[in-house]
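Hi,

Here is the structure I promised to pass on. My notes follow below it.

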Amino acid sequence: MTATPGPLRIVIAEDAAIMRDGLTQTLTRRGHDVVAAVADAEALRQAVEEHSPDVAIVDVRMPPTHTDEGLRAAQAIHKEHPAVGVLVFSQYIETASAAELFASAPAGVGYLLKDRVADVSDFIDAIGRVAHGGTVLDPEVVRQLLTASRRGDTLAALTPREREVLSLIAQGRSNAAIASTLFISPKVVEKHVANIFDKLGLAPDDNDNRRVIAALRYLEP
Amino acid sequence: MMAGMNAWLREHPRQADALLAAGLLALSAGQVAAGQAGPVERVAFAAVTVLLIATVISRRRYPVASFAAAAVIAAAQIAFGMQNGGPGPVFALQPTNADLAIPVLLYTLAAYRSRAVSVTGLAICLLGSAVAIASWSPSHAAHPTYALLGAAAGLGGLTLTAWVLGDSVAYRYRRAYYASLEERAARLEAERDAQARIAAAAERARELQERRARAIDESAARLRRIERDLHDGAQVRLAALAMTLGEIKENLEQSPGDDRTLALVGTAHQNAKDTLAELRDLARGIHPPVLDRGIGPALGILAGTSAIPVGLTVALTERPSPAIEAMAYFCAAELLANAAKHSGASRVTLSVREQDCGLALSVADDGDGGARLIPGGGLAGLRERVQTVDGRLEIGSPPGGPTIVTVELPRHA
């Protein structure tokens, strides 16, 4: 699933003003509509209630305790407003938090390391995918899942290329996106995906979100 | 020989008094037999003798009463038992050798009773002696004055000698008694001093322990603040900078022309991203923010980033203090890294459970074993760190494995 063109209506929740303003300006320059930029979880809920945005970008650490307010708020939004995509971004990779987020909300969610804002187009692409019901998981989370998986033996049976493809599947990429990332044809990607699912003993699934969930369940430590 | 007998007599006062009484009895027996008197008078005389001797037996127990009894008998003897150098009207009250009991009793009084009492006794004896000599008055003697002076010197000397001997014994007793009192007082004082010193040391130890706990808590809180400041300050600014550089780079890519500027911006962009990653590792090394949510979530993330699969169990009903949580976290991080680097293990088990008044964290791997504490090494450093809060670190790692490292920590520093 790739971002469809056209302006998105976005709510930003980030307590650091410099990052809030920077994001707002960058997204506005790229033609999106930042309908609200707030600094805490409560204001975020109100803004989502008021504006019904396409997507909310949420920092994990926000006042008052600076622990996981953002994560809780993201889960609440997804429960109360399933149509609103939620992209959580965090200073640190917390695999467990990501797993929690994806367990409760299989579609229209994303979890990215805050550093990813530096690659602006990729970041905006991720926002678009989440806004349109896709799934985005930080490559670092996927890397950790692959490393820590207790199914290391089965994973070892995958070829390096298949591992690459599995990693991209887990990140929420569509076959088309995988093809363009790896510079191979969509047909070849399809063949790799079939092989991977066969080797891991998973039922093939063309739905990108369900495919992500299957991969993540499989990789659960 | 003499010294041995003296010692024996000192240790057996009853036997000594019995011997003395027997001696007096032997001296007096002849007198009872001699003299012209009827059987009744003889019996009465014997009774007075026995009474006098009895005071020797009772002298230690009743020094004053015994002395008084003897004094009364002696007074009666002076009044009724002698006159003008010869026997008096009452045969039974004639002076007898058993009167030697009187100096013995004076000695006893001086030895066992206060000075006031013994001096009174001495006065009574001297007075009695004077009266006795006066009433004896040997006018028939060839040199009455000499005889009188001789008798006075004899009686007075005997009395004074008995008193002085007794008093010196009392003096020795008193001195020994005072010495023992002084010694006891000194011992008590030394004991009190020692107890005071122990109490002071215990108080100081408690104070130092509290101070150490405060210092450890404060240091943990300070590290947490530094991480928070980095997160809210440098990290955010750097991320915003990297985002701006990323946007500039993409804009330049859209309108090609100035390749040199594009290359420079690309380098700056990459540097900013690398620095961001380094800063994140640094901040996490100072205080992983996930610790604010508890040791369980923090160890979960640690387990997730381990190079080998980790089986994690955390069973705690109560959260330890932040400083202890941080210490447990860094121990786990170091031990997991060790297992990944050195053990050759395929799997690690990390568990945290409650124990007594704290927690026990154990890291077990199925690797090659042979882990040892080397001075200056990682495990030794870890143990030193754990010991700053009175914790313990134990290693079980036989050659061939498995390796189990257990860290015990209190709930509070």
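Strand E5 (residues 109-113) of chain A has four of its five residues buried, so it is largely enclosed by the rest of the structure. Buried here means 20 or more other C-beta atoms within 10 Å of a residue's own, with C-beta atoms placed from the backbone. Strands (E, at least two residues) and helices (H or I, at least four) are DSSP runs, numbered from the N terminus.

Mind that this is a predicted model: local features need pLDDT of at least 70, side-chain atom pairs count only at pLDDT 80 or more, and totals for chains, interfaces and linings use all residues. Residues are numbered from 1 along each chain as its sequence is written, while chains are lettered from A and ligands numbered from 1 in the order in which they are written.

Back to E5(A): five bridges join strand E4 (residues 85-90) of chain A to it, running parallel, and A:Ser90 stands opposite A:Leu113. Strands pair if DSSP finds at least two bridges between them. Three bridges join E5(A) to strand E6 (residues 135-137) of chain A, also parallel, with A:Gly110 opposite A:Val136. The chain gets from E5(A) to E6(A) through helix H5 (residues 120-131) of chain A, and this β-α-β crossover is left-handed. Right-handed would be a clockwise path from the first strand over the helix to the second, with the strands pointing away from the viewer.

As for the chains overall, chain A has 11 helices and six strands, and 48% of its 221 residues count as buried. Chain B has 11 helices and seven strands, with 30% of its 413 residues buried.

Cheers

Definitions and conventions
Buried ≥ 20, exposed ≤ 12 C-beta atoms within 10 Å, placed from the backbone.
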